[in-house]
Amino acid sequence: MAERVLYGYFRSSAAYRVRIALNLKGLAYQYRAVNLLQGEQRSAEYLAINPHGLVPLLDDGGVRIAQSLAICEYLDEAYPDSPRLLPADPALRAQARSIALAIAADIHPLQNPRVGKYLQGEFGVGEEGKTEWIRHWIRTGLAALERQLAESAGRYAVGDAPTLADVCLLPQVFSARRFGVDLAPYPTIVRIAEALEALPAFADAHPAKQPDAV
Ligand SMILES: N[C@@H](CCC(=O)N[C@@H](CS)C(=O)NCC(=O)O)C(=O)O
């Protein structure tokens, strides 16, 4: 059988998304850790696989894909017989993508290590300033998501089965907690996150359970 390898880092929320997606789809994989703190994402070896120097990257039997959302959509299309990450209904599918993109395109990039490093290196921002920058963008994004989800969520972010929206939501909640964001103003998000944490596919993907966790 062809090898399936996920290149990731335990604390990367983008890699966390793909671990959840693989678990939800019931797809076994090998995990290859890329240590972001030691700069392994910029090694010649890794850049040869992913010129963007970011995790995750999935190698599915020779099909190499970067970008967590592209990976999730690929998995849904390549393995349609396992639970779908995107609902069949076009409106619900758009809703799931809308939430996923709000997180993956608008919130998460601003908390990326390379952004923080640039703020510190080029603009003299200190450690506390960098963390406050991250908290600000997480709060801004979660406040909007809370309003969106309070209107439309079911048991999970879109309806009563986990979707791509949830695949992105729980890792973002993990990051919010990690950076000390108070989640009390976002009760719907907290309620959904707690429901997701009870599902094995989500629980097993948690950063603390990965082989490279420190
Ligand atoms: N849009 C990308 C984001 C990937 C990304 O930003 N990965 C982070 C970890 S969560 C990374 O590899 N950062 C390395 C760095 O900042 O040097 C995706 O969804 O896969």
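**Figure 1. Gln-67 in its loop.** In this predicted model, Gln-67 is found in the loop that runs between strand S4 (63–66) and helix H3 (68–78). Its phi is near 80°, which is a positive value in a residue other than glycine. Most residues other than glycine have a negative phi. Gln-67 also belongs to the closest residues around the ligand, and one of its polar side-chain atoms lies 2.7 Å from a ligand nitrogen atom.

Figure 2. A polar side-chain atom of Ser-68 is 2.6 Å from an oxygen atom of the ligand. For Asn-112, a polar side-chain atom lies 2.7 Å from an oxygen atom of the ligand. How much of the ligand does the protein bury? Taken alone, the ligand exposes 520 Å², and the protein buries 92% of that.

Figure 3. The peptide bond from Val-55 to Pro-56 is cis, and its omega is near 10°. Most peptide bonds are trans. Pro-56 has its place in the loop between helix H2 (44–49) and strand S3 (57–60).

**Figure 4. The shell around the ligand.** By type, the shell consists of 6 nonpolar, 7 polar and 3 charged residues. Helix H1 (13–25) and helix H5 (113–123) each supply at least two residues of this shell. The largest share, 3 residues, comes from H1.

**Figure 5. The ligand and the two domains.** Which pocket holds the ligand? The ligand sits in the largest pocket. Why does the ligand lie between domain 1 (4–84) and domain 2 (90–201)? Both domains give residues to the shell around the ligand, so the ligand lies between them.

Key: Residues are numbered from 1 along each chain as its sequence is written. This is a predicted model: local features need pLDDT of at least 70, side-chain atom pairs count only at pLDDT 80 or more; totals for chains, interfaces and linings use all residues. Side-chain values use heavy atoms; hydrogens and water are left out. A residue is near a molecule or strand if one of its heavy atoms lies within 4 Å of it. A polar contact is a pair of N or O atoms within 3.5 Å; within protein, one must be able to donate a hydrogen and the other to accept it, and residues adjacent in sequence count only if both atoms are side-chain atoms. Accessible areas come from the Shrake-Rupley method with a 1.4 Å probe; for residues, only the protein chains shown count as cover. On a 1 Å grid over the protein atoms alone, a cavity is a set of points where a 1.4 Å probe fits but cannot get out, and a pocket is an open set with protein on both sides within 12 Å along at least five of seven lines; lining residues have an atom within 4 Å of a point. A molecule sits in a cavity or pocket if more than half of its atoms lie within 2 Å of its grid points. Helices (H or I, at least four residues) and strands (E, at least two) are DSSP runs, numbered from the N terminus. Ala, Val, Leu, Ile, Met, Phe, Trp, Tyr, Cys and Pro count as nonpolar, Asp, Glu, Lys and Arg as charged, and the others, Gly among them, as polar. Domain bounds come from an automatic or database domain assignment.
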